[in-house]
Amino acid sequence: MTARFRRPRGGAASPGRALRVLVVVALVVLVGCGVVDSVRGEEVSTVGAVDFDQELAIPPLADSTTDTDGTRVFDLTTQAGQREFSPGQVTDTLGINGDHLGPTLRARSGERVEINVHNQLDESTTMHWHGMHLPAEADGGPHQAIEPGGRWSPSWSIDQPAATLWYHPHPHGRTEGQNYRGLAGMFILDDEVEAALELPRDYGVDDIPVIVQDTRFDSDRQFEIGNREHAGMLGDTLLVNGTLRPYLEVGHERVRLRLLNASTARTYAFGFDNDRTFALIGTDGGLLAEPYHTDRVRLSPGERAEIVVSVEPAEHVVLRSYPPELGTSGFTTRQSGGDDSFDVVELRAGASLQNSPPVPERLVDVPRLDPGDASQTRQFELRSRTINGQTMDMNRVDEVATVDTVEIWEVENGHGQVHNFHIHDVQFQVLDIDGEPPPPELAGWKDTVFLPPHASIRLIMRFDDYADPSSPYMYHCHLLWHEDRGLMGQFVVVEPGQQPAPPDHDH
Ligand code: C2O
Ligand code: CU
């Protein structure tokens, strides 16, 4: 009972619908027989078993042109392709301007960008700029569908600090499959504050994107979803920037890794094989106020972390994912990947290394949002298929926020499974988790936060601008199977007193 993602070979049947029907039938059967809880008995570990025989691919920086008015213009094309992840073994893939994954977009705070997204898939898609503060109609959520052969050209001004963001499709009910097969890329923002700090920033040299996805290959070397666990599709193999078994040559004493969890369901706890400490310098929305020296960083799907690690001449050190602390118990831990571990990428230091300055003790100002300024508190309770008892409805606006106000969102995981929570448009701060102040890794700007079973997290955010009563933004669980099944809601930002309008669709 497995479902393959293959390119359709003509015919009218929709592989997406066939897949959904198959999954629903399978779940009904499994739940009915009470065997869903025993599907996945084995823990996964690739520790010590990875050959590191392929050089880590570095996604190219996307080309851009500059318009007469100074707008930086990018062109992205979604397309089907094939990739030999291992020599001689061909896998059907999706990519952006290539076979698999997409180029790294890069822009400066204050700059205006325009991105022409051409869809050359044979299904509709969208392109969402995850972590970006921008007008809702440029956000690339499920309302901004791009039909096969179509083009969509959003434009906005970058108005937020230097950060590691990313982009991926967000089609209604079909995000998991498109993301899994390779539609994702990094979006790096720069600014003057970051540029003035002594940090590694030579892209692909000592500043390295690390896009981590777990996958499963079937016997024909095709991407397989197979039996999803409660969290979703949990793979047994990692692709890092689309590279299997990767190594990275390091020529500097310190290297900055921009870790992006672009997996559909899996949460990682990244660290190094000898438990060396590293400096966590940034999270989803930008740099921290000061580096946090730690030996682990947990990332659930969609989250990012920037870390700086030191290496000694000629040593090999492995970035690993340890069994992540998920807050689950019993068999749920096994089924959510809480027992699993992976070797991610081997860093191979050169015999002589170029000097790198130590990581600065102070990084940036992170002004705290004040709960006393909040004009509204909202509650969200996540369960297996619902938020506040409802599944996603494209035609229902769930929440209406007023422009230029601060709000507190109390997000609760109402059952025993893992989730996380992502909000479009804003970067938020974590006020507390079960009443406790956030740990240092959650003290900066975030747009996605892990939500352990039964936990309650209070988030605070400001809706600065971009009122538009008819274009909703999304909030959702970023475990993509959950999202696709309806763990998502919509909000609009309006002028004071304005009423929301029925959502505009582009199709
Ligand atoms: Cu990364 Cu709503 O998305
Ligand atoms: Cu979820």
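Before the details, a word on conventions: residues are numbered from 1 along each chain as its sequence is written, and chains are lettered from A and ligands numbered from 1 in the order in which they are written. Because this is a predicted model, local features need pLDDT of at least 70 and side-chain atom pairs count only at pLDDT 80 or more, while totals for chains, interfaces and linings use all residues, and side-chain values use heavy atoms, with hydrogens and water left out.

His419 belongs to strand β26 (residues 419-423), whereas Cys477 sits in the loop between β30 (473-476) and α5 (480-485), so the pair ties together parts that are 58 residues apart in sequence. Helices (H or I, at least four residues) and strands (E, at least two) are here DSSP runs, numbered from the N terminus. His419 counts as buried at 0% relative accessibility, and Cys477 counts as buried at 0% as well; the term buried stands for under 20% relative accessible area, exposed for over 50%, and partly exposed for what is in between, with a 1.4 Å probe and protein chains only.

Rolling a probe the size of a water molecule over the atoms shows where empty space is left. The second largest pocket has a volume of about 330 Å³, and of the 15 residues that line this pocket, the closest to its centre are Asp159, Pro161, Gln427, Trp445 and Asp464. A pocket, on a 1 Å grid over the protein atoms alone, is an open set of points where a 1.4 Å probe fits, with protein on both sides within 12 Å along at least five of seven lines, and lining residues have an atom within 4 Å of a point. Grid points are joined across faces, edges and corners, and the volume is the space filled by probe spheres set on the points. The lining divides into six nonpolar, four polar and five charged residues, where Ala, Val, Leu, Ile, Met, Phe, Trp, Tyr, Cys and Pro count as nonpolar, Asp, Glu, Lys and Arg as charged, and the others, Gly among them, as polar.

Turning to the rings, a search of the whole structure finds 22 aromatic pairs. One of them joins Trp129 and Phe187 edge-to-face, at 6.2 Å centre to centre and with 90° between the planes. Rings of Phe, Tyr and Trp (its six-membered ring) pair if their centres lie within 6.5 Å, and planes under 30 degrees apart count as stacked, over 60 as edge-to-face and the rest as tilted. Trp129 lies in strand β7 (residues 128-130) and Phe187 in strand β11 (residues 185-190), so this contact, too, ties together parts that are 58 residues apart in sequence. Trp129 counts as buried at 0% relative accessibility, and Phe187 counts as buried at 0%. The rings of Phe380 and Phe421 have centres 5.7 Å apart and planes at 45°, so that pair is tilted. Phe380 is in strand β23 (residues 374-382) and Phe421 in strand β26, so the two tie together parts that are 41 residues apart in sequence.

Finally, which backbone value marks Arg245 as a residue other than glycine with a positive phi? Its phi is near 55°, and Arg245 lies in the loop between β13 (237-240) and β14 (246-252), where Arg245 counts as partly exposed at 23% relative accessibility. Asp434 has a positive phi of about 50° although it is not a glycine; Asp434 is in the loop between β27 (429-433) and β28 (448-451), and counts as partly exposed at 49%.
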